[in-house]
Amino acid sequence: MCRFCHAHGDGKRWYLQAANYAEDLLNDLERRRYINEFIHWLGHLQLSSLENELKPAVGAPSWLRQLIFSFYERRYRRDHFGQVVPIEEVDQVLRLANSIVRIPCLCRKATTGKTDALYCFGLGLDPEKLLDVKQSFLETFRPGPDVKFFERLTHEEALQIHRSLEKKGLIHTIWTFKTPFIGGLCNCDRADCLAMVSYRYDLKLFFRSEFVAVVEPEHCIGCRACLGSCQFGAIGFSVAEQRAFIDPFRCYGCGICRVPCESEAIHLMPRSDHPIAARLW
Ligand code: SF4
Ligand code: SF4
């Protein structure tokens, strides 16, 4: 179990606890203000500015880099942290949300300039409430999120969209807004998601999933169809044995590699039962 399960899930999966989606949490004005600020800030971010921010740390001696990154990670764990979830649990997460809206992905806006990449989902984020957080004179000049782009979806519609995004190879991740409130479900890609860009720099802004993938040797026919599917570079191929294998040190347990495997030779097992992956987050 990840540390959020212990802190916010009473030893169970924290993102499957209804309390972490509760409207009471969203009613906290400080949290609503944070969400507005976050959306505003991210909407103006450019990939180059993030890279510029990280570059001095990346080039620093390793002890200093670790110090800087652990500061960032602590801050993000408090405010906005994620975890990879496989499609089976996306279904459960969507059932727990009070409402679901699809919104244009702010990461893709920051990294590609595209404003029509519909890969992000707000959970329980009532558009009217988000706008209603002006508490000071200065805040009256800060526009809230552009809620006209919020598209309300049913559970079934949102699940179908996630299934189709999974076929395109996108990784499902959930996100807190002032932990433990869960307000976001995203579909990430190594090329253009800010969290994945940070991961490339070794700054970890999300946990691995509660699972890890394994290849069943007796079912693998060595077709290699899965080899290009892993965004974390965790799949290898044994020429001697003519079968795929998964590096548990790299696997984030997203389950995306199962999609191209027609032999159904890859499955997810609970991370806690894996001799190596159990302690890797
Ligand atoms: S090996 Fe499979 S489950 Fe693990 S990170 Fe890669 S695609 Fe995801
Ligand atoms: S796609 Fe499936 S059968 Fe083909 S190499 Fe990968 S695990 Fe083996």
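The model is predicted, so local features are described where pLDDT is at least 70 and side-chain atom pairs where pLDDT is 80 or more, while totals for chains, interfaces and linings use all residues. Residues are numbered from 1 along each chain as its sequence is written, and side-chain values use heavy atoms, with hydrogens and water left out.

**Helix α4**

Select residues 47-58, which form helix α4, with twelve residues and a reach of 16 Å from the first C-alpha to the last, close to the 16 Å expected at 1.5 Å a residue; helices here are DSSP runs of H or I with at least four residues, and strands are runs of E with at least two, and the expected span is 1.5 Å times one less than the number of residues. Now colour L47, L50, L54 and A57, the buried residues of α4, where buried means under 20% relative accessible area, exposed over 50% and partly exposed in between, with a 1.4 Å probe and protein chains only. Looking down the axis of α4, you will find these buried residues within an arc of 85°, so they line one face of the helix; the arc is that of the directions from the helix axis to the C-beta atoms. On the face turned away from the buried side, select the exposed residues K55 and P56. Then show α5 (62-79), α7 (106-112) and α10 (194-200), against which the buried residues of α4 pack, contact meaning heavy atoms within 4.5 Å.

**Aromatic pairs**

The whole structure holds 15 aromatic pairs, counted when ring centres of Phe, Tyr and Trp (its six-membered ring) lie within 6.5 Å, with planes under 30 degrees apart called stacked, over 60 edge-to-face and the rest tilted. Select F71 and Y72, a tilted pair with 6.3 Å centre to centre and 55° between the planes. Next select F81 and F207, whose ring centres are 4.8 Å apart with planes at 65°, so this pair is edge-to-face. F81 lies in the loop between α5 and β1 (82-84) and F207 in strand β7 (residues 206-207), so the pair ties together parts 126 residues apart in sequence.

Around ligand 1, select the surrounding residues, among them C230, C251, C254 and C257, each with a heavy atom within 4 Å of the ligand.

Notes. Chains are lettered from A and ligands numbered from 1 in the order in which they are written.
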